Structures are given as structure tokens and as C-alpha cells.
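Hello,

Here is the structure we talked about handing over. My notes follow below it.

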Amino acid sequence: GIRAWRDTHPRLVRATYELKAGYSIELPAAWPKPDEDMGLVSIENAPDLRSGSLDQFTWGFGIHDAGAAGQVDRIIDELRSGCVSPPRIRDIVLANGVAARTFTCWEFMGELNQEHRAYVIKAPNGHVYSTWQPMARDWRTRARYDNLFRAALGSMKFKR
């Protein structure tokens, strides 16, 4: 039980990145700097390539800025349009106090469907942000990256 907790709730040294997108974010220091391109911030882990490691493969997510004109419900409907069945939406509060709406869904991708998690937030700066992250099939890796990515979103500090 303790080993599973350590695997899924890692305590990693963090680095803070000030982004041109108008916010800062904390990520594990071993991960590469986020890539910014036309309203999308792409974040990936640093795979260690050891067989059996929970970090063996590349996992990542993107943060899309829909701007101040973005509407949370409209973005959720767009993200849900590719889902195999309508997902249940949950309201949560991130560590930075920002309310988020989240859901998971299976997206049809040919022979192999892929489960994804989405977050949609209305930030204090008035912008609406959405994320779309693939989820691992095994429960430990899925829990690890769900916790790491949620912690990254919860670390966002917005400039007004």
C-alpha cells in the first residue's frame, strides 16, 4: 500500500516556468520546459526508459487558451463530441482555488480506443483554458499522471 501511494503521489523537485501565455506553472524539474505555440502550451514528462518504470513512456498534455471570449459549456460540448458515450462531468476545485469541470471519455481511434481526461477552467484573468490528456491503461501509471497533471494545473498563477 505504501509503495503504491509513493508511485501515484510522487514528491518531485519542481521548477516554475513563466509563460508568454500569461501565467506561470510548476512542473517536475526533470521535465523539459513547456513548449508554447499559438495559444497551446504542450507539457511532456521526461521518460527514463527503464523497463517496468511508471515513467518509461512519454505522457503529456496541452493547455489551450480559448481567450476571454471562450465559454466553458461550449468548450465542454466540443470536447465531448468525440466521446463514444456521453461522460459524467464533475466540478472540482484545484489547489490554486480555481474551479474546474472535468470528465473522462473513451475516444474512438480506430481499432484501439483511448481514454482521455479533460479539464475546463475559467481563470481569474477571465480566460477559459482547456486541457486534454491521454490516460494510461494500467491503474498505477494513470493515477500517477492524473495526480501530476492536476498538480500542474493547480499550480497555475494567472496574470491579470
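The largest cavity has a volume of about 40 Å³. This is a predicted model, in which local features need pLDDT of at least 70, side-chain atom pairs count only at pLDDT 80 or more, and totals for chains, interfaces and linings use all residues. Residues are numbered from 1 along each chain as its sequence is written, and side-chain values use heavy atoms, with hydrogens and water left out.

**Cavity**

A search of the whole structure finds one cavity of 30 Å³ or more. A cavity here is a set of points, on a 1 Å grid over the protein atoms alone, where a 1.4 Å probe fits but cannot get out. Grid points are joined across faces, edges and corners, and the volume is the space filled by probe spheres set on the points.

Lining residues have an atom within 4 Å of a point. For the largest cavity they are Trp59, Gln133, Pro134, Met135, Ala136, Thr141, Arg142, Tyr145, Asp146 and Phe149. Two elements give two or more residues to this lining: β9 (128-134) and α3. The largest share, five residues, comes from α3. By class, the lining has six nonpolar, two polar and two charged residues. Nonpolar covers Ala, Val, Leu, Ile, Met, Phe, Trp, Tyr, Cys and Pro; charged covers Asp, Glu, Lys and Arg; the others, Gly among them, are polar.

Helices (H or I, at least four residues) and strands (E, at least two) are DSSP runs, numbered from the N terminus.

**Sheet**

Helix α3 (residues 139-154) also lies across β1 and β2. It runs at about 150 degrees to β2. Axes are lines fitted to C-alpha atoms, for helices over the stretch in contact (heavy atoms within 4.5 Å). Angles run from 0 to 180 degrees between N-to-C directions.

Those two strands belong to an open sheet of three, ordered β1-β2-β10, with antiparallel pairing. Strands pair if DSSP finds at least two bridges between them. The edge strands, each pairing on one side only, are β1 (14-18) and β10 (157-158).

Five bridges join β1 to β2 (residues 23-28). Thr16 has Glu26 as its bridge partner in β2, and Arg14 stands opposite Pro28.

How many of the residues of β2 are buried? Five of its six are, where buried means under 20% relative accessible area with a 1.4 Å probe, protein chains only.

Best wishes

How values were computed: Buried < 20%, exposed > 50% of the residue type's maximum accessible area, 1.4 Å probe, protein only. 1 Å grid on protein atoms, 1.4 Å probe; cavity = no way out; pocket = protein on both sides within 12 Å on 5 of 7 lines; lining within 4 Å.
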